Amino acid sequence: MELIIDDRWFGETGIGRYVNEIIKRKPDNCHILHLNQNWKIKNPLSPWLLASTIKKSHADLFWSPGFMPPAGCKTPFVVSVHDLMHLHYGNSLQRLYYNQVIRRLLHNAATVLTVSEYSRNELLSWSGISAEKVVVTHNAVGADFSCEGTQYNPGFPYVLYVGNRRIYKNVNRLIEAFSLGCKRSDVKLVLSGTADPELLAIARQAGIADRIIFIGRIKEEDLSAVYRGALAVAYVSLYEGFGLPPLEAMACGTPVLTSNVTSLPEVVGDAALMVDPFDVEAIADGLRRITEDSGLQLDLQTKGLKRVELFSWDISAKKIWEVLNRAAQI
């Protein structure tokens, strides 16, 4: 099978990690071709540019590990749609593009892959695609995420948030809740990425500016150590198609506080402390409990390590390659 992949998604992102884990497990009968194009993922002409490149490649199959299907493509294709975040939190042009372009083109896919039952149900409801064409393959964690290894030690106990600062990540409420629920002055809230003026303003207003620490971009090889060193991981997102950080944290033996909405309950099961992410008081109470209750911490650590065992890149990759092989034969 000659498979051409949309390699614009490669890199140190959630989707980049996803496609890397699948490619590492490719069968011997597959030869991978790359787009080798530099137009941006959000280029509105992407579907047509993709089709032109695919045609020139003479590949048997095209796979987009992101959300972008080709337009007018005679080559069979498979698309991974991880979530419908742009419909909920995108601007009006993004919503229009999804509704008028992406939704129509997805009907031409041999299969649409997604990463949770939540995302599958949402995708089916929105797109009208036949149910048998939408297949769930869960994300998982790599071998680097484990209890064994070094721990990041900044010299103080910390609650960790890993992720971007988009509005649906709910970091503003997390900071407000941290000021209310985490009264231990020695415990700090550590966030990946660089300092954000808006978040710092919230912290100053709450009187905890000195307890908010931005540690910059975390290298892939350092991420597990940062998880292992944390007192707890807080991930109270308003919307996720899957949500890798809670699973990565659990694999590293770190207690997790997360949201009780969208895909997150499906991912964490009973192995995390779940709260209403729209309720600052509820988040604050969760932070208080997860940082002060040693019995709860131990319970979540134990359950988290068992929960992670239910998710396997080997199993997901095997299923994805079966889907790709079938699609190539259409």
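Modeller: In what follows, Ala, Val, Leu, Ile, Met, Phe, Trp, Tyr, Cys and Pro count as nonpolar, Asp, Glu, Lys and Arg as charged, and the others, Gly among them, as polar. The model is a predicted one. On that division, the lining of the largest pocket consists of 18 nonpolar, 13 polar and 12 charged residues.

The largest pocket holds about 1200 Å³ of space. Its lining is made up of 43 residues, and those closest to the centre are Thr-13, Gly-14, Ile-15, Asn-164 and Arg-166. Two or more lining residues come from each of helix H1 (14-23), helix H3 (85-89), helix H8 (220-229) and helix H9 (244-251).

The second largest pocket has a volume of about 230 Å³. It is lined by 14 residues, and nearest its centre lie Arg-17, Asn-20, Glu-21, Asp-144 and Glu-220. The elements that contribute two or more residues to this lining are H1 and H8. H1 provides the largest share, four residues. By class, the lining of the second largest pocket has two nonpolar, five polar and seven charged residues.

Glu-21, named above for the second largest pocket, also belongs to a network of salt bridges with Lys-24, Arg-25 and Asp-314. Arg-25 counts as partly exposed because its relative accessibility is 29%. Asp-314 has a relative accessible area of 51% and is therefore exposed, the cut-off being over 50%.

Helix H13 also contains Lys-318 and Glu-322, four residues apart, about one turn of the helix. These two residues form a salt bridge, with their closest N and O atoms 2.8 Å apart. Lys-318 is exposed, with a relative accessible area of 54%, while Glu-322, at 36%, is partly exposed.

A further salt bridge joins Arg-184 and Asp-186, whose closest N and O atoms are 3.0 Å apart. Arg-184 is partly exposed, with a relative accessible area of 34%, and Asp-186 is partly exposed at 36%. Over the whole structure, the search finds 11 salt bridges.

Notes: Residues numbered from 1 in each chain as written. Predicted model: local features only at pLDDT ≥ 70, side-chain atom pairs only at ≥ 80, totals over all residues. Heavy atoms only, no water. 1 Å grid on protein atoms, 1.4 Å probe; cavity = no way out; pocket = protein on both sides within 12 Å on 5 of 7 lines; lining within 4 Å. Points joined across faces, edges and corners; volume = space filled by probe spheres on them. Salt bridge = Lys/Arg side-chain N within 4 Å of Asp/Glu carboxyl O. Buried < 20%, exposed > 50% of the residue type's maximum accessible area, 1.4 Å probe, protein only.
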